[in-house]
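I opened this entry to go through the ligand site and then the sheet. My notes follow in the order in which I looked things up.

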Amino acid sequence: MNLNLNDKNALIMASSKGIGKAIAYGLASEGVNLYLSARSLDLLTSIQTDIQDQYQVKVEIFPADLSNYNDRENLISAVKAKYSTIDIIVHNMGGPKPSTVLNTSIDEWTNSFNSLCLPIIHLNNAFIPGMIAQNFGRILAITSLSVIEPIDNMALSNSLRSFITAMLKTLANEIAKYNITVNCLAPGWIKTDRTDELLESRIQLSRQSKDQYLESHLSTIPANRMGNVTEIASLATFLCSNQAGYITGSTMCVDGGKRKSTY
Ligand code: NAD
């Protein structure tokens, strides 16, 4: 299938590792020019070099702490100086810390809202007017299976990603008439540095051997394995295409069947 993505411009947040990085490679393989942002200049530089070696696309990078307002303002200016239009935005961010509702302080709620939710609002406000003017746009957000089924001890993820989902669903309805789609991808267990760390800490708490813990953990996933980043990146790439123009306001789970609900 030809996705007709050649020469589109994509801005991808938190793209130095894991899911964000894999989406960068997926879009580049379809001819999309990239603007990548994350905190580490070294990691971004090495990805920039590698993608430019493999694909005939432009790759710009900008190191930024996306939870910081001024960093985001500087990123927006830098992107606008390089690309006259942004066709695709992929919202992604480091995940929040585990906690219960009762154990989460007011500061933690505020800081997590600032880092998970405000970047999406800020960057959308900056780039959606251009998408409306060109009558094309694709907006994706990486959320979590926690929006479908709350995960114990993940109060911040469960709550704030549900806010993001509802806010983006509302936005999707507002801008669908401009050929702009807005969708969320909800990963279950995709193998990345973050899930490696989460698993390691759970193994230590479980007092089981690594093999025992992994066996019981994987048995909760019908596919009986963790997902690969390319399995979420390929769906993300399709959702950015013209062919996906009638899919908007949706949350798609990439979870090997882990969620118990039908929808
Ligand atoms: P990861 O740790 O592999 O990558 C996270 C990326 O976010 C890195 O590039 C990191 O540098 C960047 N980042 C973190 N904080 C940042 C900040 N303040 N400013 C800029 N960049 C920042 O994580 P991942 O597994 O790829 O997860 C990506 C998102 O998906 C996270 O929000 C995570 O909670 C969510 N998620 C992942 C899974 C999974 O199975 N991997 C499941 C559910 C939800």
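**Ligand site**

I began with the backbone: a polar backbone atom of I19 is 2.8 Å from an oxygen atom of the ligand. I note here that the model is a predicted one. I then looked up I190, where a backbone N or O atom lies 2.6 Å from a ligand oxygen. For G95 I found a backbone N or O atom 3.5 Å from an oxygen atom of the ligand. Next I checked the cover: on its own the ligand has 830 Å² of accessible area, and the protein covers 90% of that.

How many residues surround the ligand? I have 26, and the closest are S16, M93, R161, I190 and T192. I sorted this shell by class and got ten nonpolar, ten polar and six charged residues.

Which helix gives the most to the shell? I wrote down α6, with three residues. Both α1 (18-28) and α6 (193-206) supply at least two residues each to the shell.

**Sheet**

I turned to the strands and traced an open sheet of seven, with parallel pairing. The order I recorded is β3-β2-β1-β4-β5-β6-β7. At the edges I have β3 (59-63) and β7 (251-254), each of which pairs on one side only.

β5 (residues 137-142) runs parallel to β6 (residues 180-187), and the two are joined over six bridges. Within this pair I looked up R138, whose bridge partner in β6 is T181.

**Helices on the sheet**

Which strands does α5 touch? I found that helix α5 (residues 155-175) packs on the sheet and touches β5, β6 and β7. Its direction makes about 160 degrees with that of β6. I checked α8 (residues 229-239) as well; this helix lies across β5, β6 and β7, and I logged about 170 degrees for its run relative to β6.

**M252**

M252 is in β7, and β7 is one of the edge strands. Leaving out residues up to four places away in sequence, I list C184, L185, A186, L235, L239 and I247 as touched by M252. I also took a C-alpha distance: M252 and Y263 are eleven residues apart along the chain, and their C-alpha atoms are separated by 9.3 Å.

Terms used. Residues are numbered from 1 along each chain as its sequence is written. This is a predicted model: local features need pLDDT of at least 70, side-chain atom pairs count only at pLDDT 80 or more; totals for chains, interfaces and linings use all residues. Side-chain values use heavy atoms; hydrogens and water are left out. A residue is near a molecule or strand if one of its heavy atoms lies within 4 Å of it. A polar contact is a pair of N or O atoms within 3.5 Å; within protein, one must be able to donate a hydrogen and the other to accept it, and residues adjacent in sequence count only if both atoms are side-chain atoms. Accessible areas come from the Shrake-Rupley method with a 1.4 Å probe; for residues, only the protein chains shown count as cover. Helices (H or I, at least four residues) and strands (E, at least two) are DSSP runs, numbered from the N terminus. Ala, Val, Leu, Ile, Met, Phe, Trp, Tyr, Cys and Pro count as nonpolar, Asp, Glu, Lys and Arg as charged, and the others, Gly among them, as polar. Two strands pair if DSSP finds at least two bridges between them. Contact means heavy atoms within 4.5 Å. Axes are lines fitted to C-alpha atoms, for helices over the stretch in contact, and angles run from 0 to 180 degrees between N-to-C directions.
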